[in-house]
Amino acid sequence: MVSSKSEAGLIYNIKFSSVGPANVTGQDVVYEPSNIDLAMKLHYLRGIYYFNSQAFQDVTIYKVKEPIFSWFSHFYMTAGRFRRAESGRPYIKCNDCGARFIEAQCDKTLEEWLEMKDASLEKLLVSNQVLGPELTFSPPILIQHTKFKCGGIALGLSWAHVLGDVFSATEFINFLGKVVGGFQPARPNNLAHLLTKANPTQTLQKIVEDPLSIKRVGPVEDHWIANNSCKMESFSFYITASKLGHLQSRTEIQGPFESLCAIIWQSISRIRDGPEPKVVTICKKSEEKKEGPVGNNQFIGVVKVDHSIREANPSELARLIKNEIIDERLKIDEAIEKDHGVSDVVVYGANLTFVNVEGADLYGFDWEGHKPTNVSYLVDGVGDAGAVVVLPAGPNDSSKDGDEGRVVTMTLPEDEIMKLKYELNKEWSIA
């Protein structure tokens with residue numbers, strides 16, 4: 001166990017340890033990410049779950065760690081380490097190495113922390129580690145337990161996107177709540193699994209053009225993070241349910257996500273130097289059933305226009321986002337398969353990317369009858385074009401008729417942040 005202190009000084013007494021499965025997974029068990037999974041390998045999800053002081057009152061670190069052992073026995077692939085087959089295609093060796101567990105303390109109360117409303121500071125509550133450069137030793141997930149001065153707790157989940165999308169990540173951590181509540185998960189059947197995708201069969205005969213939704217980078221080799229050409233920064237803002245209703249009436253579309261996307265798309269077009277972003281990527285929950293406990297099953301598509309975004313009617317942009325998305329999942333699959341799974345690409349930030357988290361059970365994490373008071377997720381490893389994540393604000397922020405507000409978290413080039421805030425405030429009185 002190692003102890004240190006964060007540079008910001010707000011977080012201190014940081015300690016590192018490891019947690020892993022209670023049961024031995026077995027010999028020669030591997031987990032093979034799909035082509036879509038590998039397309040997301042340079043991205044990471046950072047989730048933070050805030051609990052008030054009553055939720056973890058008199059709960060020791062041992063009591064926090066104890067259910068994790070059973071949890072990992074079910075999600076055994078998350079406790080493994082990446083290897084490469086002879087072809088170079090990555091896979092997970094399920095060797096029960098476990099996850100990194102981080103303990104920390106904060107010199108603010110939970111209320112004081114939330115009042116700061118600083119997305120960049122939130123990164124202190126969740127590990128920002130990436131996979132590599134020593135790939136075979138890097139855990140794909142890390143968990144951080146931060147105790148506030150008031151006794152409140154933040155549980156941070158650092159999740160390698162190659163494991164699965166935000167819907168998989170939320171199912172994963174919600175399952176921990178079930179284990180805490182006494183549920184004993186059954187061992188998955190047929191764990192033994194030999195590599196099936198390691199050796200390429202034949203190259204696709206047709207010439208496969210890269211889809212609009214990915215951008216090739218690198219090569220990154222075994223350090224799974226893309227280098228940006230500019231410094232990226234994150235910020236977030238909250239929109240009440242009543243304000244959201246007003247924005248929808250102005251854009252004439254009954255869809256909170258589509259309305260926000262249209263407004264932000266146009267605003268970024270107006271403040272961004274150079275060509276307008278006439279292609280945007282949309283990620284949202286897929287209606288198809290997911291196979292297995294984890295995986296990238298989200299819908300990924302693009303919207304492309306040939307006219308000025310700056311001068312467009314926001315209602316038309318919202319309509320395009322709602323009705324005219326071109327599904328690119330098959331093309332992404334073919335593009336990664338063409339290179340036998342060794343491609344280095346980004347999806348978030350290849351174009352300006354909008355991620356809809358509606359449908360994820362963000363507040364389904366139950367710790368002995370206590371639900372989180374706030375939940376936030378942001379995407380890390382975003383390309384230069386930027387990404388916007390739209391999250392439901394949660395049941396505590398619902399209006400009388402049941403409508404929820406939204407939390408919008410953006411990761412954009414640093415020099416665009418102040419200009420965008422000004423534009424959103426001037427035109428829409430948000431941010």
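1. In what follows, buried means under 20% relative accessible area, exposed over 50%, and partly exposed in between (1.4 Å probe, protein chains only); helices (H or I, at least four residues) and strands (E, at least two) are DSSP runs numbered from the N terminus. This is a predicted model, in which local features need pLDDT of at least 70 and side-chain atom pairs count only at pLDDT 80 or more, while totals for chains, interfaces and linings use all residues. Residues are numbered from 1 along each chain as its sequence is written, and side-chain values use heavy atoms, with hydrogens and water left out.

2. Helix H8 (residues 314-323) has as its buried residues Pro 314, Ser 315, Leu 317, Ala 318, Leu 320 and Ile 321. These pack (contact means heavy atoms within 4.5 Å) against helices H6 (241-251), H7 (256-271) and H10 (417-428), and against strands S12 (279-284) and S13 (299-304).

3. A salt bridge is a side-chain nitrogen of Lys or Arg within 4 Å of a carboxyl oxygen of Asp or Glu, and the structure holds 17 of them. One joins Asp 344 and Lys 41 at 2.9 Å, N to O. Asp 344 lies in the loop between helix H9 (329-338) and strand S15 (345-346) and Lys 41 in the loop between helix H1 (35-39) and strand S4 (44-51), so the pair ties together parts 303 residues apart in sequence. Asp 344 is buried at 11% relative accessible area, and Lys 41 is buried at 1%.

4. Arg 216 forms a salt bridge with Asp 339, with the closest N and O atoms 2.8 Å apart. This pair links strand S10 (residues 215-216), which holds Arg 216, to the loop between H9 and S15, which holds Asp 339, 123 residues apart.
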